[in-house]
Each structure stands twice: as C-alpha cells, then as structure tokens.
Amino acid sequence: MMLSRIIRTRSLAARTYSHTSSLSAKILSSDPIEPVCGKVFMERGHELVEKPGIKPTELLKIIHEYDGLVVRSGTKVTKEIIDAGVNLKMIGRAGTGVDNIDVRAATNKGILVVNTPGGNTISTGELALSHILALARNIPQATASLKAGRWDRALYTGTELSGKTLGVIGVGKIGREVAKWCRGFGMTTIGYDPVLSEESARHFGIEPVPLDDLFKNADFITIHTPLTKETQHLLDATTLAKCKRGVRIINCARGGIIDDVALLKALESEQVGGAALDVFEVEPPTEASLALRMHPKVVVTPHLGASTFDAQERVARAVAENMCDIFDGGSFVGVVNAPDLGTVASQPHIVPFVKLAEKIGSMQGQLLLNHKVSSITIHLRGKDVSDTKITDVIKAAVIKGVLNELGIEQVSLINAVAMSEEMGLRVLMNMSEKTEVGSGYMNSMCVELELGGMLNMTSVRRIEGTVFGRDELRITQVDGFNLDLPPGEHMLLFNNYDEPGVLRRVVEKLATANVNIAHFSLGRKEKGQMAMSAVVLDSAVPPEVITSLAGINAINNLVAIRLKEPIDPNFRVRSSTLELSASNTTTAQQGHLHGTSKPAQKPRHPEFSSGPCKKRPGYDLASLRTDSLGRSHRSKLGKARLRKAIDDTKRILEVPDDYLCAIVPASDTGAYEMAMWNMLGQRPVDACYWESFGKGWNDDAIKHLKLKETTRSFTADYGKLPDFGATNPDHDILFTFNGTTSGVRVPNLDWISSDRKGLTFNDATSAAFAMEIDWPKVDVTTFSWQKVLGGEGAHGVMILSPAAVHRLESFDAGRALPKIFRMTKKGKDGKTQIDADLFAGATINTPSMLCVEDYLDALQWSDSVGGLQGLIQRSEANLGVLDRFVSKNSDWIHFLAADPTIRSNTSVCLTLDLNKDQVKKFVSLLETEGVAYDIGSYRDAPDGLRIWCGATVDQEDLEALTPWLKWAYETVKA
C-alpha cells in the first residue's frame, strides 16, 4: 500500500491559534486552581469556568463547549476526552509534568499542550535537596524515635554529602538547580540527559555520562525526568543491580519511574541503602506499596514537590498568561508539542536558518530515490543555532522538508515531529556552541540521513549549510564535497570526473533546451578525480534533457532537485523506515552521490591518547578539594593528603602490608631510574625488553650505569616477548609489565623464582590499576599517575618489597646521586637506613597539591567502580570492543600482538594495510573529524595505531570509534 493512501489528512491546518483580543476564549478548569488564574484570564478578555473535581464522564459531555482546558495533576486528559473536545485548541497544565495528558492524541488533533516550565523549579528542587539531606542523616527516623521517647544516637548515624557523587537523571532546570546546590556541599555531580549537549551540561557543572556509568558511580541518585514510555520503570531490578552497593535514591519527579517491587527487594538486600520518595506509581498510594513506604530506610512525603504557596500561585498565573499569549497571537511559551514559533519570529536572524533547514530536508528527501531512511541526525554548530529556544523549530523544519518529499500530506512545523515518531523515524539532535574547526562559519547546520539500500547496506548522506549576511542561504557541503551553492527552486546535482570539457557539454545541452544557468559550483577533493557539480537554473529541465545529460560519459548520478514544488513519488512504509517503491529510475538517477559516507555517531570523548590519558568519567575540575592548595606540602594537611594517596594506592592495588610506597618526582621515568641508580650494581643484570621504554632501561644500565660487562639483554621484536625462562634468578631483572609502545603485556610472573637472590624491577606504568600484579614476585614496581587513572604527569609512584629495602640499606653503589634520587639517610648509629618519611607522606621535592587532589579523586572513582577488579573489567571490556572489530575486519587491520594471551588491555597497538604516508593521513583524518586524538603509533614502533583502552575510557566511545576506523581506511584507500 502506498504511504499517501494510509496517512490520514491532519486537521492541524484548520486549527487556529491566534485571535484578536475582542474574541473571548472559553476555558474550563477541571482541577482546583489559585484565584489568580481566573483573574489573569478575565483581565485578558477570556472566560475561565471552574469545575474542580469534575468526573470524567461529565467532562466528556461538556468539553466540546470549550476552547481551552486547564488541569493540574488530578485530571487525566485521555484520547477520548481530546476526541470529544471538537473545539479545543489548547490544554494548559499548571505545572511541569504532562504525563497525565495524552500529548500524542492532542498533537494529532492539532491541540497545543502548554505547561509552566520553571514554575515549580525552586519548590521541587528544594524538596529534592531536603530529601537528600533527610536520607543522608536519617532525620525523619531520628525525629520519630525521639518523639517516641528514645535517645538512639548511634542507631541513626548518617553519612556526609561532602566527597560523595550525585547522579542526576534528567538535567533540566530542576536537576541543574539540585546539582548546583549539592556542589555547594562538596559533592561531585554527574548527569544523564538524552537531549542536553555535553557542553551545556558542563556549563552547569555537571559531567555528562552514560546512564550505566551513572549507576556505577553515584552514591546518591536523584530523578528529575518526566514519566514516559522510555522512563517507565527506568530503575528496575536490572538497573538497580548495576548501581553502587548502598546507593541512596531520591524521586521527586514522577511515580512509575522506579519499580516499587524491585526497589523494596533492593532495600531488603541492602543493594540500595535508602530511598526518599515524594511520588508513587498510584496516588494516593494503595496497600500494594505499604511495605515500601513503611521500610525503615525509606523517607516519604505525599507529592509535595509543588506544594508551596509560592509555587501554587506562580504556576496558576503562568499557565493563564501562557495560554492568553497564544490565544492573543503572542509568544508560544510553554508549548510542549510544538516548537516555539513565537520566539523564532521575534528573532529575525534565526528565520533564515529555519528556511535553510527545510530546504536541506527537502533536498535530502529528493535524493533518497530508491533508498530508505532509518534515521536523521541534525548537527547545529554556533551560538545562535544551538540556542535551545529555537532548536526544536529547526528540527521540525528539517523533518517537514524530508516528509513533504515523501508525499505525506499536511506536514507542518507543529506536527512534523509527532508524525516522524508515529512512523518510527528516529531523529537525533547534536548541538554545540563551538563551530567546526576551520569552517570559518559563525553558525552552521548539517543534516545526516542514515540510509538503507540494497542488501541492507547502510550509509550516511550529509548536507551542510549556513547563512551569509542576513538571509543568504548557502549549501556548503554534500557528502564531503565543498560547495558554494545558493539553494534555488530548480537545481541539478551530479558527479563528474574533474576533466576539461564537462561543463561545456552540460551548458550546450541546457542552452539547446533554452534553460539558463543562474549559478554553478564545483566541489572536488583531488585534482583529476571524481568531483561533484551543482547547477542552479532559472527554470525546470525537461525530462528528455535530463536523459541526455545523464548520457554524458563523464557524468554519474544525475539528480534534478526542485525546492518549491515537492515531487510526488510512490512511497510505502516498511519496517519502521521510509522506502521508495520501484519506479522508472536509471542507475544514473539513483541519487548516490560519490564520496565515502561518514558514520552517524562520534565518540562523546575522543581522547584515546596513551599518555597522558583520558580523565575518568564524570570528571569535574571544579569538584576537586582545594583546601590543600596554597598550603605547604609539609603542613599537617599537606602530609595527610599525600599519606592518603599512598594508603589508598596500596589498598586498591592490594599491595602487601610490608611493602613500602612513596610518591617521587619525574613520573614513571624518574621512579624507575631512581631505583636503578640506587640499587643496581651489586649483582649482574638481566634486562628484558621488547619495546621502546624497556630498551631505555637496558641502555641506562649499560651506558650510564657502566654495567656493560655484567648486563645481559633479552630482546624480542615489537608484538612479541623475549624468553623469560633464560633469565637467572641470582641476577637483578629489569622488565616492563606492559609494553606501552608495543601493545604486549607479560601474561604472568611464573617465570620469576620465589627463591631468587636478585631483585626484580617492574615498570608497571601502563599496567597498574589494569592488570593483576603478583606482588611476591616483584621487588621494585613503578608507575605514573597519568596512565590508567588518567591523572596528571610529573609524579611517579615507587613500591618496594622488603628485599628492595634491604638492598637500599645494605648496598652502596658508590655513585653520586642527585638529591631527588636519594632514598636513604644516616641513622643516629651511623648506619644507612631507608628514609621512612618518604613512605609516610613526605616527598623529596615539592609536589603539585592540585595534582595530588586530582589523583585522590581518581582513586575515589576507582572505589566507585569496584576497585581493582572493576578497573580491570572496564579495561578488558574495552579491549573486547577492538578485538571484535579487528576480527570482522581482519583483511586490513591487525593486532601488533598476534598472540591474544600477551595482548595489552590498555595500550592496544594495531597495524594497517597502509603505507607510512597513508597511516599518517588516516590518523589526521580522525583528528580533523574530532573522532580520535593522539592515536598514532609511538615514533619507534611499527607504523599503525595505538589506542588507549584503560579504565577511564568508556566502552561506548570505543564502539562509536570503530566505524570511523573503517571510514578512515576506506577514505585513505580511495
């Protein structure tokens, strides 16, 4: 069946949203409302009839008499009521949530749904904060106990907010306010919101994270999202199990977002440490939720979010003012099912972008031909177009442009989004105030259609544009070809080989048909290769001329575009996508414009450098403790913070109690050389290396410590390991646990003798916190903060076994040591002894206390994800993403470490079937696209990639990266 036959004609066009002030609208209020509401309507020339508590059956009988309906949370505005309201033009909600209104039914009838955004923000936000505090300090329970005559101080010991992580689900106005206040208590704030851009979230001091990361990391979770099909039982048995054990949950949003049964079980098992609820799935709550409400770790209130005198008055006034504005032809403030057309109209500089959006959508719709569209992604760059007040209008305009070309009737800016949702057409928005690097445009937009073609192959078509001056529309790029194209009514787009004479042949055929050229633009990537041409014409091109132009040998994929009068091809709906039925199109008219299609999604965090490495999820510099800044590292506070860093390091890494740990200068390099200079020389040295840094330690021993005669070198090529079995346990052994530049790790330490006489020196800088270390087998272990935990550089950590301490105290190498290398001192008895202060919070030189706080923050996050095992699991999962990708694309990409048992789970090294220059171009392409930074292989390693997969990297970002790897390869090869 053709789509045009099954889509009903919408009634939106017939609806009227503007009246002169002399025409009075009649509005019904079916819930109790403050008197100010009726007063505003009366002053604006409209009539409010109040029937609080009216039964649904009675409402059905009279709703046809009214132009508007005002409700609070009591009235359920169902599809049946909406269908009966034949004269309804607007439904006003005195409050924020509209889950008691069938918004889809209203939209399909052309009825606007209006709420009062921000009216309850302070009231609900303050209640949520009150619940957080009450939950943290057991205030209601302690109050009840004291009033009952008991004095149970110990029983109600609570927890501080300072130093804890707050997870905000729904980063709207209320969520942002709560997060701001909680940061004042010293909390780290992370948030999940499917719409808000990362830049905007960070602007409000909230680190955006995937929902699963929020569950894993948050000590408190506060919910501020509406109840929708997607959020129904968002916190159920599965998601609650993902949360940090003992998490406290606050819901002052909507009942039904939490599965009450699952929450009760989680409280009983102590997976959830407490809950504070202002809302319930059924209100008033029934016997079914009594056990939950009576649980000793649950704080409850009877839906008091908006129950302040201030908020009641505010929302009553606001809903009346918002509805009057629309009735009287003013702004569209508070409309939830249509874009704010009034705001756009009041900003003339935005109107051209709305026009451009519809034209780009129309072009995309016409270029579909026999392809299917499964999703639309709209990228808005620049301060003007990324303004959240107008982005919904641009979104609607793009959808309108696309759907109009699919023969769908009466698509408008009001119903475009609803119609796309009805068809299952996914539309994504990506906004940023920052413009594309090197674009030169203050504001721009890019519309991507994910297409499905033959054999279910998919690709993405991109059309980009901007506005010059006040209203000069420009198409600036199509599928990677740069253009300067003013979108006209009649256009031709085609691919052609970049060779002399092509344009002449096109001009001749058009001139013969008396078709004049208004504008011509050529986009090319390389001289003499496939290019793209766009021609703007003064009139339509006759079909026979189109056929003649398509017959030119140098031309491919000719498509005629008309932007004013939409074409009417035969379409049908299939499998939640829009598909063009077979029609009389030639291969040249298929609309596949030459160019490698870019993936639709980019990593949210493109930092894949192997050092310094990505910050942990949810990182916020503003959340770090600052009381130690500007203080001496030798002060009581300074030493305490350094000592905490040492103690937490040992605890998380599960270091034996009799091992010592110190913070030393100059990162891992300084720590390892400090150990070598102090301890090597008593015994022969076996230096094992298979990559750049290990070779550096070998060279240090031979060239700088002058141990050439007593040093043996055990080497292997990049991607392999040397024969550890050939080492001598009576010798000192140097090795790197994980080869950062080769992607090879030591699978185990079974080759190290438990009865050894020599010391083992373990460079674990990219292994610590990501791999199990068999501590009895290592005597010196070093690493830096900048690797697995994403800390800052210049600081190293040294961990010493009792045997290493004995070597320090009993052996004098006779070398002159700089001050920053000295780890021993003379005791009162004149004997050399370890400088114990170094391992108790003192440092040899002045550390950065800001870096110390940053490291402590990373250690705290490590605990939140499950300690060492949690960190290892995250790294292994990240490696798994690349492992699966390489397996599917093994014809062109390979692990440098062919043996999976020795493959690193942090610094993953890959080789490509490309030459050196092509690899450089590959890496440069990804960086230019903002997809992956600093992933080229180390300068001494084989040409290829080095992608960091440590625990601070999100698995979702690696999954988003892999399609771009394939895109870059195909682009370079082409």
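Is His46 buried or exposed? With a relative accessible area of 5%, His46 is buried (buried means under 20% relative accessible area, exposed over 50%, and partly exposed in between, with a 1.4 Å probe and protein chains only). The model examined here is predicted, so local features need pLDDT of at least 70 and side-chain atom pairs count only at pLDDT 80 or more, whereas totals for chains, interfaces and linings use all residues. Residues are numbered from 1 along each chain as its sequence is written, and side-chain values use heavy atoms, with hydrogens and water left out.

Of the 974 residues, 56% count as buried. Among the contacts with a separation of 6 or more, 71% are accounted for by residues 24 or more positions apart, where contact means heavy atoms within 4.5 Å.

To return to His46, this residue is found in the loop between helix H2 (35–43) and strand E2 (47–50). The His46 side chain reaches the backbone nitrogen of Ala25 at 2.9 Å. Ser521, placed in strand E20 (residues 517–524), is also described by its burial: the relative accessible area is 7%, and Ser521 is buried. The side chain of Ser521 reaches the backbone nitrogen of Asp484 at 2.9 Å. These two residues, Ser521 and Asp484, are 37 residues apart in sequence and 5.9 Å apart in space, C-alpha to C-alpha. Leaving aside residues up to four places away in sequence, Ser521 touches Leu483, Asp484, Met532, Ser533 and Ala534.

Thr765 is buried, with a relative accessible area of 9%. Its side chain makes a polar contact with the side chain of Ser784 (3.1 Å); a polar contact is a pair of N or O atoms within 3.5 Å, and within protein one must be able to donate a hydrogen and the other to accept it, while residues adjacent in sequence count only if both atoms are side-chain atoms. Not counting residues up to four places away in sequence, Thr765 touches Asp668, Thr740, Thr782, Phe783, Ser784 and Lys787.

Helix packing comes next. The axes of H16 (residues 351–368) and H17 (residues 391–404) come within 7 Å and cross at roughly 30°; axes are lines fitted to C-alpha atoms, for helices over the stretch in contact, and angles run from 0 to 180 degrees between N-to-C directions. H16 and H17 are therefore roughly parallel to each other (angles under 35 degrees count as roughly parallel, over 145 as roughly antiparallel, 65 to 115 as roughly perpendicular and the rest as oblique). On the H16 side, the residues that meet H17 include Val354, Ala357 and Gly361, and their counterparts in H17 include Ile394, Ala397 and Val398. The residues of this contact divide into 7 nonpolar, 6 polar and 2 charged (Ala, Val, Leu, Ile, Met, Phe, Trp, Tyr, Cys and Pro count as nonpolar, Asp, Glu, Lys and Arg as charged, and the others, Gly among them, as polar).

Helices H25 (residues 849–864) and H26 (residues 867–888) pack at an angle of about 85°, with their axes 7 Å apart. That makes H25 roughly perpendicular to H26. Here Trp861, Ser862 and Asp863 in H25 meet Gly867, Leu871 and Arg874 in H26, a contact whose residues divide into 2 nonpolar, 2 polar and 2 charged.

Terms used. Helix = DSSP H or I, 4+ residues; strand = E, 2+ residues; numbered from the N terminus.
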